[in-house]
Amino acid sequence: MGEKWVLMKTAQTPTNIAVIKYWGKRDETLILPVNDSISVTLDPAHLCTTTTVAVSPAFQQDRMWLNGKEMSLSGGRYQNCLREIRKRAREVEDKEKGIKIEKKDWEKLHLHIASYNNFPTAAGLASSAAGFACLVFALAKLMNVEEDESQLSAIARQGSGSACRSLFGGFVKWIMGKEEDGSDSLAVQLVDEKHWDDLFIIIAVVSSRQKETSSTSGMRESVETSLLLQHRAKEVVPKRTLKMEEAIKNRDFASFAKITCADSNQFHAVCLDTSPPIFYMNDTSHRIISHVEKWNRSEESPQVAYTFDAGPNAVLIAQNRKAAAQLLQRLLFSFPPKSDTDLDSYIIGDKTILKDAGLEGMKDVEALSPHPENGSAQKYPGDVNYFICTRPGKGPVVLSNENLALLDPETGLPK
């Protein structure tokens, strides 16, 4: 067997947005949460991580590149994922290339990893969740691991908690588990992405001018100082999770919206209840909440649910395309782009919704009139960076097209 070969796998993994929030760990090293959480997986066509993993006897050490820049793999979270997946590696044979890797070889073979996010890493859109899920999924395929997605999710969890929920499409539940070793803290799919395909999602990426407290340190401080967090984990979330599962199963949007908004608000209340207090939302976030609340109250039943992670970006889940088109009109009236921005770069993702909303260019945006329920005709140009239009999507997939690989098949270095 020549020592020049390179064996590769490329995978694509979606990001996810929690509708019942994960906030607080009971074990920092294993990343075990204080409560269950539920999320919706977003369409990977609009938000995903692509990762290529390669193995070769020619590689001198494990190396990783993120969005083209080499980064260190020495962090504990990467090391945990690599160790756990290597433990489960099995024999791999590629007859075409004349390559055979024995189970025991994996311990001494080095890996090259290249990862790319098709959305801004700094936008606070759960890039670490998609990233670690993709890393674990791609390595499992490369190493012929037999564990299923739920078992793999328990490994991805050790990279980033919410990563365990990106191993499935549709709606996903991360079961907190009871065991000390974390073996039962894993993700399961509640329903796939086709179950509730009326839903349409608009994300307002809000100009956040300063970097907030990182989720990791924020959670630690909340666990140590917030009495509301203890009450939430013990009393509120268990009941809410059951109601949320029921709402998803029955496609009951009124209940879904009520629970989603309440849980987002309680998560941010826990942040305020932390000492010192943590502020993730800003004035724009609050204005968006107010708009949605007023509109929902003016209709017979809620049209839109909002949820915010650890940052100011609003994730708005509309009941259907019609509601999404009306939502987009309302958002663009109040939060138009700056005068030098065109509509095409201001609305990204699934742009077909623009047609539904009757918006073909900036002239149409300028012609929008205020909505009566809002009671204000004030505009805030530039307060939103851009909008991403998307929907619930599928879980991880292997990309068999070699042209999509991020590493060169000859050298195993970034293309």
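Domain 1 and domain 2 bury about 2,800 Å² between them, and 71% of that area lies on carbon and sulfur atoms. Buried area here is the accessible area (1.4 Å probe) that two parts lose on being put together, summed over both. The size of an interface is often given in this way, as the accessible area lost when the parts come together.

This is a predicted model, where local features need pLDDT of at least 70, side-chain atom pairs count only at pLDDT 80 or more, and totals for chains, interfaces and linings use all residues. Residues are numbered from 1 along each chain as its sequence is written, and side-chain values use heavy atoms, with hydrogens and water left out.

**The two domains**

Domain 1 covers 7-193 + 397-404, and domain 2 covers 200-390; such bounds come from an automatic or database domain assignment. Their centres, taken over C-alpha atoms, are separated by 28 Å. Across the interface, 28 residues of domain 1 are in contact with 41 residues of domain 2, where contact means heavy atoms within 4.5 Å.

Now let us look at some helices. Helices (H or I, at least four residues) and strands (E, at least two) are DSSP runs, numbered from the N terminus. Two packed helices are described by the angle between their axes and the distance between the axes. The axes are lines fitted to C-alpha atoms, for helices over the stretch in contact, and angles run from 0 to 180 degrees between N-to-C directions.

| Helix pair | Angle | Axis distance |
|---|---|---|
| H1 (residues 76-87) and H2 | roughly 25° | within 10 Å |
| H2 (residues 127-142) and H3 (residues 149-156) | about 125° | 9 Å |
| H1 and H3 | about 145° | 9 Å |

Angles under 35 degrees count as roughly parallel, over 145 as roughly antiparallel, 65 to 115 as roughly perpendicular and the rest as oblique. H1 and H2 are therefore roughly parallel to each other, while H2 and H3 are oblique.

Which residues bring H1 and H2 together? Arg 77, Tyr 78, Cys 81, Leu 82 and Ile 85 in H1 meet a group in H2 that includes Phe 132 and Leu 135.

On the H3 side, Glu 149, Leu 152, Ile 155 and Ala 156 meet residues of H2, among them Phe 132 and Val 136. Here the division is 8 nonpolar, no polar and 1 charged.

**Two backbone details**

Most residues other than glycine have a negative phi, and most peptide bonds are trans. Ile 31, although not a glycine, has a positive phi of about 55°. The peptide bond from Ser 275 to Pro 276 is cis, with omega near -10°. Pro 276 sits in the loop between helix H6 (253-272) and helix H7 (283-298).

Technical notes:
Nonpolar A, V, L, I, M, F, W, Y, C, P; charged D, E, K, R; others polar.
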